[in-house]
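Subject: Structure handover

Hello,

Here is the structure I promised to pass on. Please open it first, then read my notes below.

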Amino acid sequence: MARFRRFPEQAFRRLVALASLLVASASGAAWAETKPKPPEPPVRLRLSGYVQADAVAYRQSSQDEINPATGAPLNEDRFTITRARLRAEASAHIVSGALELDANTVEGPAARVIEAEVSARWQGANAEAPPYVMATLGLFKIPFGVEGPERERNRLFLERSTTSRALFPGNYDLGFRLSGGYRVFRYAVAVMNGEPVGQVFFPARDPNGGKDVLGRIGVDTRPLTRLRVQGGFSALSGTGLHRGTPSTKDVLVWRDENENGLVEGTEIRVIPGTAATPSENFDRFALGADLRLTAKFPVVGESCLFGEIVRAQNLDRGVEPADPIGTGRDLRELGFHVGITQELGRYAMIGVRYDRYNPDQDASEQRGKDLVPRDSTYSTYSIAAALRYTPSTWTFARDNPFPALRVVLEYDHRNNALGRTAGGLPTTLGDDSFAIRGEVSF
């Protein structure tokens, strides 16, 4: 009987313990739900950067001479710091800003602000998608095509194609931009000074009141899980400036034609002075189309096929600067490039690219009594290979899609019409090169 009396007492104690446990669990869950989340920091700051050090082991056109016109050395077989960038990005709610500094030794030690911008955006619910609208003011990448806005450390090849470097030297300019996207569509439109930081005459300055209006509209979609398609059309309309000339006075010149050291009346010439000519504006434009297909394959990795073509007029500002007022006619430019890159696992990548650029499709020259067309085309075959490594101990490697360490080898075979044969006919001036780049990024 005692055993049966203890049974209700034991069962009661167990029920009390179970009830206490349920109450504690419920109160803990309720506390967890009501516990305030830690506030987000008012300003989020991110630092990044990279250094690209190049060694040009071979440049066919290199000479141990000094350019008499500019005083610059003609030797290209050298070591250089092509880019040393430090970038700071700050964002708070809908406002963000970026500042990027660049140091290099391409034309001697130099340091400059390469990008400085402030932005306000309207972001959708998906934080991974581009904002619907982003307004940006400052110094930023020129939104034309797909190669120009691309970050330098994302690219396998050492430099951009000849077309891009000719039409958009330096690839940064000052202005105002609206950009964004909705679903698969992407857009960017900007009003800019029209004088990129790498421009020959007025880098990062604007000598006239006219502004360049440009932009790109395109798509970025994934029709298949492992396939990404990017493409679009770009356009630019702007105004360039032809420099005026100052007035000159009459000049008396003596030319010793018979080389006897005596001044004779027949050897004295008068060069008449000229009146000053004002500076004059001219119109320029460009139209472009681009396409990039990216596919991911098991084991080997990502493969990318890309191409871009640009038709322009009076827009060259880097290779052979266009001046239709000085030449008396418009200069029609045409350029394109195509290429493919292929990852070889996690640690290697290879690629080939062909680019072609004609700064003057109507170029001609005098040969004897005849005026004949002249080929002014620049073309380059590039072959590049890279070894890359991201240390797993670096905590930020997970957020950085780029390799922390990379070594790139590139051989460029260039064809041009800059040379002359013994008979005076145009021929290719040997300008092949082989370079090695070491890069570290964070």
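Which residues lie nearest the centre of the largest cavity? Glu147, Thr163, Ser164, Glu308 and Val310 do, among the 15 residues of the lining.

Some ground rules. This is a predicted model, in which local features need pLDDT of at least 70, side-chain atom pairs count only at pLDDT 80 or more, and totals for chains, interfaces and linings use all residues. Residues are numbered from 1 along each chain as its sequence is written, and side-chain values use heavy atoms, without hydrogens and water.

**Cavities**

A cavity is a set of points on a 1 Å grid over the protein atoms alone where a 1.4 Å probe fits but cannot get out; lining residues have an atom within 4 Å of a point. Volume is the space filled by probe spheres set on the points, which are joined across faces, edges and corners. The whole structure has two cavities of 30 Å³ or more. Helix H2 (162-167), strand S13 (301-313) and strand S14 (332-343) each give two or more residues to its lining. Helices (H or I, at least four residues) and strands (E, at least two) are DSSP runs, numbered from the N terminus.

The second largest cavity holds about 40 Å³. Its lining includes Ile142, Phe168, Asp173 and Arg317.

**Cys304**

Cys304 sits in strand S13. Cys304 is buried, at 10% relative accessible area. Buried means under 20%, exposed over 50%, and partly exposed in between (1.4 Å probe, protein chains only). Leu293 is 11 residues away along the chain, yet its C-alpha atom is 5.6 Å from that of Cys304. Cys304 also touches Leu293, with contact meaning heavy atoms within 4.5 Å. Gly339, Ile340 and Thr341 are among its other contacts.

**Salt bridges**

The count is 29. A salt bridge puts a side-chain nitrogen of Lys or Arg within 4 Å of a carboxyl oxygen of Asp or Glu. Three examples:

- Glu439 and Arg406 meet at 3.1 Å, N to O. Glu439 is in strand S22 (residues 433-441) and Arg406 in strand S19 (residues 405-415), so the pair ties together parts 33 residues apart in sequence. Glu439 is buried at 5%, and Arg406 at 7%.
- Arg228 and Asp220 come to 2.6 Å at their closest N and O atoms. Arg228 is partly exposed at 27%, while Asp220 is buried at 16%.
- Arg87 and Glu89 meet at 3.5 Å, N to O. Both belong to a network of salt bridges that also includes Arg46, Arg85 and Glu100.

Best wishes

Notes. 1 Å grid on protein atoms, 1.4 Å probe; cavity = no way out; pocket = protein on both sides within 12 Å on 5 of 7 lines; lining within 4 Å. Lists of a residue's contacts leave out its neighbours within four places in sequence.
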